Amino acid sequence: MIKITDLSHSFVLGKKNHQTSIPILQNISFEVERGKIVTIVGKSGSGKSTLLNLISGFIHPTAGQIWIDGEETTAFNEIQFADFRLEHMGFIFQTFQLISSMTAFENVELPLTLKGIKETERRERVLQLLDKVGLADFRDYYPGELSGGQQQRVSIARAMVLHPPLILADEPTGSLDSETEADLLQLIKKLNRQEGITFLIITHDESVAKIGHQTITIHDGHLLQRSYI
Ligand SMILES: Nc1ncnc2c1ncn2[C@@H]1O[C@H](COP(=O)(O)OP(=O)(O)OP(=O)(O)O)[C@@H](O)[C@H]1O
């Protein structure tokens with residue numbers, strides 16, 4: 001599903017003629033099998049979000065290659081990556097990133113509308129997904145009327161609505177209490193099992209890390225350990 005070889009990334013800081021290159025990730029290589037949950041752990045500032053941003057194509061690596069679904073995404077230009085992202089990736093964020101003026105239904109529907117899918121098909125797909133994430137009765141609620149856990153369920157449904165094979169999540173339970181977190185992790189495991197979606201999840205939380213079939217640790221920009229649990 002994902003193959004990463006000798007990936008390195010440095011950020012360039014400072015103004016022209018006074019630039020310094022700060023190495024963040026160095027020679028990272030690993031593979032993620034289709035249908036697995038992989039968790040990425042590491043101290044704050046170790047480069048976890050940078051790795052996710054490289055895989056998502058929001059930043060381009062200083063060196064190395066990334067293949068997703070057999071395509072070398074590091075060779076894409078921005079437009080190619082935007083198209084690829086739409087077809088292959090869904091995103092979940094710590095702060096949910098829902099549109100507050102839209103209901104749960106409308107938030108999940110939005111990617112389908114942007115893609116030009118017809119209304120009857122949109123409706124069917126959104127209702128099916130809201131049901132799958134346990135929010136069938138909350139379709140007309142606005143994000144501000146939902147709990148954090150419910151908002152994250154809406155954002156999971158939105159991430160899944162275009163059937164991406166891969167979902168990337170940055171601290172998906174970071175804003176939730178431990179009970180809500182446990183429910184959400186059960187949901188992610190269920191979706192992984194039932195739908196075969198591959199999940200790549202950044203976390204600093206041990207109980208989240210544990211749901212991974214594989215855990216990758218980043219330490220000072222290096223891949224420290226790979227373990228199958
Ligand atoms: N756009 C940027 N320009 C310069 N430096 C950056 C940029 N983005 C991140 N960094 C630096 O790269 C390092 C790694 O950041 P990153 O956000 O990837 O870490 P992280 O492991 O996700 O941390 P956290 O757990 O706190 O979110 C940090 O030292 C950060 O300051």
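## Before we start

The model is a predicted one, in which local features need pLDDT of at least 70 and side-chain atom pairs count only at pLDDT 80 or more, while totals for chains, interfaces and linings use all residues. Residue numbers start from 1 along each chain, following the sequence as written.

## The overall build

Let's begin with the whole protein. It contains 7 helices and 10 strands; helices (H or I, at least four residues) and strands (E, at least two) are DSSP runs, numbered from the N terminus. The C-alpha trace spans about 55 × 35 × 35 Å along the principal axes.

How does the radius of gyration of the protein agree with that of a compact globule? A compact globule of 229 residues would have a radius near 17 Å, and the protein has 18 Å, which agrees. The radius is taken over C-alpha atoms, and the globule rule is 2.2 Å times the number of residues to the power 0.38.

## Around the ligand

Now look for the ligand. The residues around it are Phe-11, Leu-13, Ile-24, Gly-42, Ser-44, Gly-45, Ser-46, Gly-47, Lys-48, Ser-49, Thr-50 and His-204. A residue counts as near a molecule if its C-beta atom, placed from the backbone, lies within 6 Å of it.

Which elements supply this shell? Both β1 (2-13) and α1 (48-56) give at least two residues each, and α1 provides the largest share, 3 residues. Sorted by class, the shell has 3 nonpolar, 8 polar and 1 charged residues. Here Ala, Val, Leu, Ile, Met, Phe, Trp, Tyr, Cys and Pro count as nonpolar, Asp, Glu, Lys and Arg as charged, and the others, Gly among them, as polar.

Helix α5 (residues 148-160) packs against helix α6 (residues 178-195) at an angle of about 20°, with the axes 10 Å apart. Axes are lines fitted to C-alpha atoms, for helices over the stretch in contact, and angles run from 0 to 180 degrees between N-to-C directions. α5 and α6 are therefore roughly parallel; angles under 35 degrees get that name, over 145 roughly antiparallel, 65 to 115 roughly perpendicular, and the rest oblique. From α5, Gly-148, Gly-149, Gln-152, Arg-153 and Ile-156 make the contact, and from α6, Thr-180, Asp-183, Leu-184 and Leu-187 (C-beta atoms, placed from the backbone, within 7 Å). This contact has 3 nonpolar, 4 polar and 2 charged residues.

Helix α3 (residues 104-114) also packs with α5, at about 25° and with axes 8 Å apart. That makes α3 roughly parallel to α5. Ala-104, Asn-107, Val-108 and Pro-111 of α3 meet Val-154, Ala-157 and Arg-158 of α5, a contact with 5 nonpolar, 1 polar and 1 charged residues.

## Helix α3 with α4

α3 has another partner to find: helix α4 (residues 119-132), packed at an angle of about 130° with the axes 9 Å apart. The two helices are therefore oblique to each other. On the α3 side are Ala-104, Phe-105, Val-108, Glu-109, Leu-112 and Thr-113, which meet Arg-122, Arg-125, Val-126, Leu-129 and Leu-130 of α4. These residues divide into 7 nonpolar, 1 polar and 3 charged.

Key. Contact = placed C-beta atoms within 7 Å.
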